[in-house]
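Visitor: I would like to learn how to read a structure like this one, feature by feature. Could you take me through it with the general idea and then the case at hand?

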Amino acid sequence: MFYREAGQFKTRYDKDQAIFPILQDRWFIALVLILAYVIVPLVATEYWYQAVLIPFLIFSLAAIGLNLLTGYAGQVSLGTGAFMAVGAYASYKLTTAFPDINIFIVFITSGLFAAAVGMVFGAPSLRIKGFYLAVATLAAQFFILWLFNKVGWFFNYSPSGTITAPPREFFGRMVTGPEATSETRYFIVLVFLTLGALIAKNLVRGRVGRTWMAIRDMDIAAEIIGINPLKTKLLAFGISSFYCGVAGALMIFIWLGSAETEAFDINLSFQIMFMIIIGGLGSIMGSIMGAAFIILLPIFLTNFPPMIGLQIPTDLSKHVEEIVFGTLIVFFLIVEPHGLARLWSIAKEKLRKWPFPY
Amino acid sequence: METLIMIAEVMFTAPIADMIDSPVFLAEVIISGLLTGVMYSLVALGFVLIFKASGVFNFAQGAMVLFAALALVGFLEQGVPVPVAILGAVVIMAALAYAIEYLMLRHLVNQEGIILFMATIGLNFILEGSGQLAWGSNVKGLDIGLPDTSFEWYGILLNTFDLSAAVIAASLVAMLAVFFQYTNVGRALRAVADDHQAALSVGIPLKTIWVIVWTVAGIVALVAGVMWGSKSGVSFSLSLIALKALPVLILGGFTSIPGAIIGGLVIGVGEKIAEIYWGPAFGGAIEDWFAYVLALAFLMFRPQGLFGEKIIERV
């Protein structure tokens with residue numbers, strides 16, 4: 001009785017096509033937004049910002065990007081880390097070359113660079129499908145990182161080979177660099193995620209998303225009904241890489257401060273892939289929930305044994321964590337292969353009748 | 001214009017001139033590439049076996065190599081004689097195969113490929129963690145008594161260890177071929193690889209077959225682990241050779257055993273030649289991605305790999 005659409009009449013077509021047609025959904029989203037924008041900043045500590053909240057929001061953005069490509073358009077990609085690296089290095093080059101340009105414009109532009117690179121490496125998807133494509137995208141992963149590591153121009157010939165986010169301000173407030181407060185950083189990534197999720201949600205329920213899903217479900221049939229596979233697949237790679245690129249730029253500028261190519265290695269690609277699998281393929285909400293799960297799990301695993309008074313030596317605890325992490329992933333895939341998003345919709349279904357079954 | 005000529009010089013003229021100048025060195029490069037390729041093939045073989053029989057893209061193959069090598073080293077450190085230690089490692093890999101089937105695969109039947117793939121990445125974490133937890137994470141030497149001396153043959157420098165590795169790999173492949181071709185189990189395996197449902201309907205026990213296939217893949221992993229381990233020591237980095245085997249896999253085709261072998265040799269030779277003749281022009285360390293780009297280029301012309309089954313799509 002808590003989640004039912006009965007009695008909510010729509011008198012206009014545009015109401016019927018609203019992004020959240022059911023009142024309870026609108027309330028839920030409003031509550032989440034209030035929680036994120038008002039309540040969290042009131043209670044969060046420095047540790048929570050740096051270790052949990054900011055990485056969670058950034059990875060959510062990247063996971064949405066990958067989910068658009070893999071979950072909606074059906075193209076498996078293991079090059080996410082590289083596309084994020086393109087965004088990060090592009091924003092670094094742009095803002096060091098043109099310090100006066102607004103940092104937000106830099107982020108968006110670097111996303112465009114990532115989109116271009118993503119489209120280049122997505123081009124083989126026309127010929128190659130499935131796991132062959134997944135392994136082929138690893139070419140992007142290794143080649144791009146090697147390039148950023150070898151060519152000094154990309155990191156401005158700094159002797160350590162790292163890129164460091166220079167301090168930039170926005171309306172008199174430091175937004176990057178060491179002087180920016182955690183709260184400011186949090187709000188920036190939160191705004192990016194809110195806008196990104198909103199745009200993604202609208203993309204996938206519109207024409208573009210429908211063509212993606214048609215290609216995913218059966219590309220030959222989609223081609224026959226008049227969907228151009230070249231345009232559709234490249235658009236999916238482009239938009240997905242745009243999201244990943246912006247997330248990569250945010251990762252360097254807002255979260256890490258400085259990093260080398262190692263931060264974007266293949267483990268990052270797998271991590272984002274885990275997020276969308278655990279969260280649920282083909283679900284924007286699922287990407288965010290999956291990111292939360294994957295970010296929180298290692299933190300929980302590190303902190304839980306000491307909490308119950310169990311002391312594991314540090315060299316062992318790393319392996320134990322690995323084992324538990326792997327086991328939980330396998331367990332989760334067995335229990336609910338469609339991810340947290342499916343659990344969420346099951347819960348909503350239950351709430352229709354609960355607590356009165358008739 | 002001048003830079004263009006310079007680039008052409010560095011990229012094309014100079015390497016080829018180098019090759020023609022000293023054919024002996026070129027032969028050495030090719031042979032050492034072939035021998036590395038054999039090692040790649042061994043790892044790729046494990047992937048192909050499992051993919052053919054169960055449709056699982058087993059990312060944990062690299063971790064299985066590490067696990068098998070660690071188990072073997074663990075036995076040897078206890079002072080167990082080499083043949084017994086190898087037998088013990090085989091038993092451990094068989095037990096592992098059974099556990100994987102019982103705890104993981106049987107619950108994931110009929111899931112999409114990508115879910116199975118992610119599950120094997122989870123398995124990868126479990127194997128890496130538990131292997132290092134049980135046998136320690138420091139680099140260990142592995143010596144099973146293969147001779148390791150260099151000698152010259154028509155002016156080409158060769159190494160007995162590499163040669164014996166190649167012989168062992170060749171005999172392993174021959175044994176596998178015989179096993180697949182002439183035994184009842186092998187026939188059943190081929191039937192399962194061809195068509196799961198048809199195999200089930202003529203009474204082939206699918207679950208047993210999977211255990212056998214994973215055991216065979218475990219034994220292949222053990223051989224690969226012994227070879228790589230005696231060459232460069234047994235440590236965590238052993239599980240990363242899975243990443244080296246992936247381009248071999250797509251080059252040869254996911255479903256073809258000869259493909260895995262020839263793909264391994266092509267990648268091994270190509271990588272060595274590229275590193276030695278073109279590496280300086282790129283600033284070195286191109287081994288990391290060269291194999292992938294090579295495989296990608298091949299795929300553009302043959303999307304199913306060199307020897308993969310032709311992909312037939314129906315609406």
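Visitor: Which residues in α6(A) meet which residues in α10(B)?

Guide: Please keep in mind that this is a predicted model. On the α6(A) side the residues are A:Tyr132, A:Val135, A:Ala136 and A:Leu138, and they meet B:Leu246, B:Pro247, B:Leu249 and B:Ile250 in α10(B). Sorted by class, the residues of this contact are eight nonpolar, no polar and no charged.

Visitor: At what angle do α6(A) and α10(B) pack, and how far apart are their axes?

Guide: Two packed helices are described by the angle between their axes and by the distance between those axes. Here α6(A) and α10(B) have axes 10 Å apart and pack at an angle of about 130 degrees, which makes α6(A) oblique to α10(B), and their crossing is left-handed.

Visitor: How many residues does each chain bring to the contact between chain A and chain B?

Guide: Chain B contributes 38 residues and chain A contributes 36 residues. On the side of chain B that touches chain A, α5 (113-135), α10 (241-252) and α12 each supply at least two residues, and α5(B) gives the most, with 16 residues. By class, that side of chain B holds 26 nonpolar, nine polar and three charged residues.

Visitor: Which residues of α11(B) and α12(B) meet?

Guide: From α11(B) come B:Ile267, B:Gly270, B:Glu271, B:Ala274 and B:Glu275, which meet B:Glu287, B:Phe290, B:Ala291 and B:Leu294 in α12(B). By class, this contact of α11(B) with α12(B) has five nonpolar, one polar and three charged residues.

Visitor: Stepping back, how many helices and strands does chain B have, and in what order do its elements run?

Guide: Chain B has 12 helices and two strands, and from the N terminus on its elements run α-α-α-α-α-β-β-α-α-α-α-α-α-α. Its radius of gyration is 21 Å, close to the 20 Å that the globule rule gives for 315 residues, so chain B is as compact as a globular protein of that length. Along its principal axes the C-alpha trace of chain B spans about 70 × 60 × 35 Å. Of the 315 residues in chain B, 46% are buried, and among the contacts in chain B with a separation of 6 or more, 74% are between residues 24 or more positions apart.

Visitor: Finally, where in chain A is A:Asn156, and what is its phi?

Guide: Most residues other than glycine have a negative phi. A:Asn156 has a positive phi of about 55 degrees although it is not a glycine, and its place is in the loop between α6 (130-150) and β1 (163-164) of chain A. A:Tyr157, which is not a glycine either, has a positive phi of about 55 degrees and is likewise in the loop between α6 and β1 of chain A.

Conventions. Residues are numbered from 1 along each chain as its sequence is written. Chains are lettered from A and ligands numbered from 1 in the order in which they are written. This is a predicted model: local features need pLDDT of at least 70, side-chain atom pairs count only at pLDDT 80 or more; totals for chains, interfaces and linings use all residues. Two residues are in contact if their C-beta atoms, placed from the backbone, lie within 7 Å. Helices (H or I, at least four residues) and strands (E, at least two) are DSSP runs, numbered from the N terminus. Ala, Val, Leu, Ile, Met, Phe, Trp, Tyr, Cys and Pro count as nonpolar, Asp, Glu, Lys and Arg as charged, and the others, Gly among them, as polar. The radius of gyration is taken over C-alpha atoms; the globule rule is 2.2 Å times the number of residues to the power 0.38. A residue is buried if 20 or more other C-beta atoms lie within 10 Å of its own, exposed if 12 or fewer, and partly exposed in between; C-beta atoms are placed from the backbone. Axes are lines fitted to C-alpha atoms, for helices over the stretch in contact, and angles run from 0 to 180 degrees between N-to-C directions. Angles under 35 degrees count as roughly parallel, over 145 as roughly antiparallel, 65 to 115 as roughly perpendicular and the rest as oblique. A crossing is left-handed if the near helix is turned anticlockwise from the far one by less than a right angle, and right-handed if clockwise.
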